[in-house]
Amino acid sequence: MSHATDIRAGSPLQSVLGWLLRNHIWVFLALTIIVFSWASPYFLTVNNIGNILTQGAFIGILAIGMTMVMINGEIDLSVGAVLALASALAIGLQDHMGVWPAVFLGLMSGAALGFLNGTLVALSGMHSFIVTLGGLIGIRGLVFVYSGENALMVPDFSYTEIPEVYLGPISLTAMIFFALALFFQWVLSSTRHGRETYAVGDNIEAAHDAGINVKRHKIINFTICSTLAAVCGILLSMRLGTAEPNAGRIWELWTIIAVVLGGTRLQGGFGSMWMTIGGVLTLAVLRNGLRLLNTPNYVELMVMGAVLVLALVLDKVLNHKGYT
Amino acid sequence: MGQTINGLLRRHGLALAFLVFLGVVALNADAFLSPGNILDVLRQVSITGMMALGVTFVVLTGRLDLSIGSLLTLLTVIVVDQHNIAGPFPAIVMTLLAGLAVGAFNGVLVGFVGLNALIVTLAMLSFLQGLVLLYSGGSNVNVANAQETWFAVFGRGDFLGLPVPVILFLVGAVIAGVVLQFTTFGRRVYGVGGNETASVFSGIDARWTVFWTYVVSGFTTGVAAVIMGSRVMGAQNTIGQGYELTVLAGVILGGTSLLGGSGSIWRTVIGISMLGFIQNGLLLLGFPYYVQWLVTWAVIIIAVWIDLGAKRGRIFA
């Protein structure tokens, strides 16, 4: 890629090209939108776009927390199980204490488990993959211990009307996703915690030597990630009116796919919420578009796999051999 | 004396805790340590165990293989379906070849293209699950003549009083162990996992080494699929879902490091058997099946922490 090296020289066209190379997810998103708009008359309608945003928002909220953790150089596999526990608590506790205290406790369960994950990673020095793989298995066990094998049902269905607030075609769930994404982008780019999260993810030894409290940032990021998973679980329970013990199974995988598709690196130190928004929207558009075209379920799974590998190859070809 | 006990606890704390667990269960459930029950547990772990043998190679190079859950589903569907079409022998050959092919594909992407192993095999997890549905059309397949086929021997048969799947697992473990300890390939696997740069400078082609570990992983998953198909005499479209995590949990529990370079087949056999005995013991004690997940969580954290702490010389990082 010889032309990639002289992009730094700096004419406007070249800087635009350079931006596109680093943020190829938006090019890809535009392409998928163009293809599906051409292939299906139902795709580019206001209603459908509203649907895509709502459908994407659930994985999106998980992806925000995952982005924080990944930039920090770690990974969190337990988000799907945390989501299920929060949703079970938010519904199951309503009988005993009313709606909002139950929702609050659901949120707190997420925060507590995130704090536990983060503390275990920080104190033990274990790979977060191991700690949260344990969490994925064990927290799912907690969900089953709490709710048994049956889905919990809300006592009062007015609970399901809480997220039925729309701004034009945009649902409350989608608005929460975008608000959280913007907020955490601000955290990443404009707060000390954000800057030090990049520093730790980029080079943990150097960050430690520079006097950064590595452990504190890890604990904070894991807490953020699980709390957001709980937010996602509660929104899901509001949308469905039930809490299934198997809710959110393998969602951690979709979340990782969305974040990596966006361009955030697993190795840490690189990424942003903008990229994650791009990845989340691309994933949502692909899933929605393929369904509108009436493709069988297997096409979706295969396309996801292929796209993910393609994104990795693109990222390698465009960025690793060029600059950055 | 205190020093010795301290060192003993640190080095073998987990094994001791496990023995205590075995004792507690045995006192409360008479059947637990009976030969029949022990063979049952071994029969249950033979499928995950077989897969874990191959995954140990991959993990020893510092890579991961998450695709094996979907691969197990795909290969089980293939072996059962082809059994009905082409007969047992061609079905087994095809299944093993398909396992090798998928392993080789993973190996090329990770070893030669140099993509991140976690993401590549995650992508394959999704892709292969799609392939399962494409192949089966969404319906479950069953072996048509389950009562008369000799194919049943791999999952249900006995030989010299031992279940055949257990024999396959143990023989596989011995072969894998010998390959890792006594062959050039085995030493290269440890070399690449221990320090990839150094291994390349010493003339090891890391790309080929990584490639072959994925081929091994694909092959052992193929053997596991033959056992699974033979045992169930059918295949649902989700039969292997989540196996990748159970297998990894077993490998990690044994003490093989995810960073690569440290671990062994012996440790994997121990780790995966421990998972089996914990699961079986808790069921015999009358706990609901999901309690084993909670215990697994605690055991993984404690086991890996103790292991790490012992190597580091202090508990906290």
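These are my notebook entries on a predicted two-chain model, chains A and B.

**Ground rules**

I'm working on a predicted model, where local features need pLDDT of at least 70 and side-chain atom pairs count only at pLDDT 80 or more, while totals for chains, interfaces and linings use all residues. Residues are numbered from 1 along each chain as its sequence is written, with chains lettered from A and ligands numbered from 1 in the order in which they are written.

**Entry 1: the chains overall**

I began with secondary structure, taken as DSSP runs numbered from the N terminus (helices are H or I, at least four residues; strands are E, at least two). Chain A has 15 helices and four strands. Chain B comes to 13 helices and four strands. I then looked up the radius of gyration, taken over C-alpha atoms, with a globule rule of 2.2 Å times the number of residues to the power 0.38. Chain B has 20 Å, close to the 20 Å the rule gives for 317 residues, so it is as compact as a globular protein of that length. For chain A, a compact globule of 324 residues would be near 20 Å, and the chain's 20 Å agrees.

Next came burial (buried means 20 or more other C-beta atoms within 10 Å of a residue's own, exposed means 12 or fewer, partly exposed is in between; C-beta atoms are placed from the backbone). In chain A, 52% of the 324 residues count as buried. For chain B, 52% of 317 do.

I also checked contacts, meaning C-beta atoms, placed from the backbone, within 7 Å. In chain A, 79% of the contacts with a separation of 6 or more come from residues 24 or more positions apart.

**Entry 2: where A meets B**

I find 38 residues of chain A in contact with 36 residues of chain B. On the chain A side, the elements giving two or more residues are α7 (99-124), α8, α13 (251-262) and α15 (297-320). Of these, α8(A) gives the most, with 14 residues. By class, this side has 27 nonpolar, nine polar and two charged residues. Here Ala, Val, Leu, Ile, Met, Phe, Trp, Tyr, Cys and Pro are nonpolar, Asp, Glu, Lys and Arg are charged, and the others, Gly among them, are polar.

**Entry 3: helix α11 of chain B**

I picked out α11(B), residues 243-254. Its twelve residues reach 17 Å from first C-alpha to last, close to the expected 16 Å (1.5 Å times one less than the number of residues). Eleven of the twelve are buried, so the helix is largely enclosed by the rest of the structure. Its buried residues pack against α8 (128-147) of chain A, and also against elements of chain B including α2 (35-60) and α12 (265-284). After the helix comes G255(B), with a positive phi near 105°.

**Entry 4: single residues**

I looked up M66(A), which is in helix α4 (residues 46-71). It counts as buried, because 28 C-beta neighbours lie inside 10 Å. Leaving out residues up to four places away in sequence, M66(A) touches D76(A), V79(A), C225(A), T255(A), I256(A) and V259(A).

I250(A) has phi near 55° and is in the loop between β4 (242-243) and α13 of chain A. With 16 other C-beta atoms within 10 Å, I250(A) is partly exposed. M233(B) has phi of about 60° and is in the loop between α10 (206-232) and β4 (234-235) of chain B. M233(B) counts as partly exposed, with 19 C-beta neighbours inside 10 Å.

Technical notes. Two residues are in contact if their C-beta atoms, placed from the backbone, lie within 7 Å.
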